[in-house]
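Please walk through this model with its pockets, its charged pairs and a few individual residues in turn.

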Amino acid sequence: AVVSAGHSHPRVVRAVQEQASKFIHMAGTDFYSEPMVKFGEKLTSLMPAEHEWQVFPCNSGTEAVEASIKLARYVTGRQGIIAFLGAFHGRSYGSLSLTASKPVQRRGYYPLVPGTFHAFYANPYRPPFDVEPERVTEVCLNYIEQTLFHTIAPPRDVAAIIVEPIQGEGGYLVPAPGFMQGLRKICDQYGILLICDEVQSGVGRTGTMWAFEQEGIVPDIVASAKGLGGGVPIGAMIARRELTERWEPGSHGNTYGGNALACAAAYEVLSLVEEELAGNAARVGSYFMQGLKEMAGRYEQIGQVRGRG
């Protein structure tokens with residue numbers, strides 16, 4: 001999930017070495033630097049063209065998620081955040097409150113951040129409520145609208161829905177068809193922001209830059225990290241410019257976000273992904289999927305073959 005360009009790719013190594021000979025760090029909260037600007041421009045160029053985007057660089061996936069939920073609450077004036085059972089979003093308090101993967105991750109840390117709710121992920125292999133797989137999208141979306149919205153999470157108080165386009169710790173689950181489009185429709189209907197957590201699924205891993213591209217939707221905010229730096233610690237929140245511009249100066253920040261070494265590495269990783277690695281993931285993934293499906297036809301122990309890239 002992290003070494004997206006392999007171990008010590010020579011282009012990434014060279015970028016870090018060259019940057020270290022110039023300067024290692026200057027605070028992005030106070031000064032712009034060329035590595036930070038190049039990284040931000042490259043990252044936004046890989047986002048859907050129908051919006052303008054801005055980047056908040058940070059150090060990890062959990063920080064990217066924290067920034068995402070802070071921005072969503074700030075610009076909407078609402079507090080509620082809806083996540084999904086089986087989700088993993090990080091281990092700092094805000095993101096941990098959204099994580100619902102394993103009891104050990106939450107045990108001993110209550111109370112967690114209030115205003116967080118959980119719905120059912122559209123898992124076609126093990127559908128909630130034992131419904132037929134072809135109904136799982138309908139049932140999971142209805143649970144949000146007919147249960148959560150009508151009982152404990154009124155939509156006018158919900159700032160965002162955060163979702164992994166492919167659930168990671170939940171079992172590498174590709175959601176049932178129509179689920180992501182349904183979430184986008186719910187968000188548009190009620191003025192809710194859609195956050196895609198692409199910390200594991202993004203940066204070319206699925207054969208496209210972002211996993212949400214394969215779902216035919218455009219989120220409002222994206223959280224990225226892991227493979228973004230190819231092994232160097234870096235994260236990023238990418239959001240529509242019309243949202244980030246409403247953050248007044250000083251509303252959010254950190255010390256090491258935009259670190260020159262990390263930005264130099266991430267720029268090279270993104271270039272590699274754009275030039276060759278995403279395409280390679282698509283090709284290898286197609287070959288791998290074909291072989292696994294053939295195996296599934298021979299071994300009853302294989303219940304489902306799933307994945308992308």
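This is a predicted model: local features need pLDDT of at least 70, side-chain atom pairs count only at pLDDT 80 or more; totals for chains, interfaces and linings use all residues.

Contact, as the word is used here, means that heavy atoms lie within 4.5 Å of each other. Leaving aside residues up to four places away in sequence, glutamate 268 touches Arg11, Val12 and Ala15. Because buried means under 20% relative accessible area, glutamate 268, at 16% relative accessibility, counts as buried.

When residues up to four places away in sequence are not counted, threonine 62 touches His89, Gly90, Arg91, Ser92 and Ser95. With one of these, serine 92, there is also a polar contact, made between the two side chains at 2.6 Å.

The charged side chains come next. Side chains of opposite charge can pair when their charged atoms come close. The structure holds 13 salt bridges, and among them are two that involve arginine 135: one with glutamate 132, at 3.7 Å from N to O, and another with glutamate 138, where the closest N and O atoms are 3.5 Å apart. Are these side chains buried or exposed, or do they fall in between? Arginine 135 has a relative accessible area of 35% and is partly exposed, glutamate 132 is partly exposed at 39%, and glutamate 138, at 42%, counts as partly exposed.

Another salt bridge joins arginine 184 to aspartate 220, with the closest N and O atoms 3.0 Å apart. This pair links distant parts of the chain, since arginine 184 sits in helix α7 (residues 179-190) while aspartate 220 lies in the loop between β5 (193-197) and β6 (221-224), and 36 residues separate the two. Arginine 184 has a relative accessible area of 13% and is therefore buried, and aspartate 220, with a value of 5%, is buried as well. Arginine 184 and aspartate 220 also take part in a network of salt bridges that links Arg184, Asp188, Asp220, Arg240 and Glu242.

The largest pocket has a volume of about 840 Å³, and 27 residues line it, of which Tyr32, Gln54, Val55, Phe56 and Pro57 lie nearest its centre. Which elements give two or more residues to this lining? They are α2 (34-45), β1 (53-58) and α8 (241-244), and of the contributions to the lining, that of α2 is the most, with 6 residues. Sorted by class, the lining of the largest pocket divides into 11 nonpolar, 11 polar and 5 charged residues.

The second largest pocket has a volume of about 330 Å³. It is lined by 18 residues, and the closest of these to its centre are Tyr172, Arg306, Gly307, Arg308 and Gly309. By class, the lining of the second largest pocket is made up of 5 nonpolar, 10 polar and 3 charged residues.

Note on methods. Residues are numbered from 1 along each chain as its sequence is written. Side-chain values use heavy atoms; hydrogens and water are left out. On a 1 Å grid over the protein atoms alone, a cavity is a set of points where a 1.4 Å probe fits but cannot get out, and a pocket is an open set with protein on both sides within 12 Å along at least five of seven lines; lining residues have an atom within 4 Å of a point. Grid points are joined across faces, edges and corners, and a volume is the space filled by probe spheres set on the points. Helices (H or I, at least four residues) and strands (E, at least two) are DSSP runs, numbered from the N terminus. Ala, Val, Leu, Ile, Met, Phe, Trp, Tyr, Cys and Pro count as nonpolar, Asp, Glu, Lys and Arg as charged, and the others, Gly among them, as polar. A polar contact is a pair of N or O atoms within 3.5 Å; within protein, one must be able to donate a hydrogen and the other to accept it, and residues adjacent in sequence count only if both atoms are side-chain atoms. A salt bridge is a side-chain nitrogen of Lys or Arg within 4 Å of a carboxyl oxygen of Asp or Glu. Buried means under 20% relative accessible area, exposed over 50%, partly exposed in between (1.4 Å probe, protein chains only).
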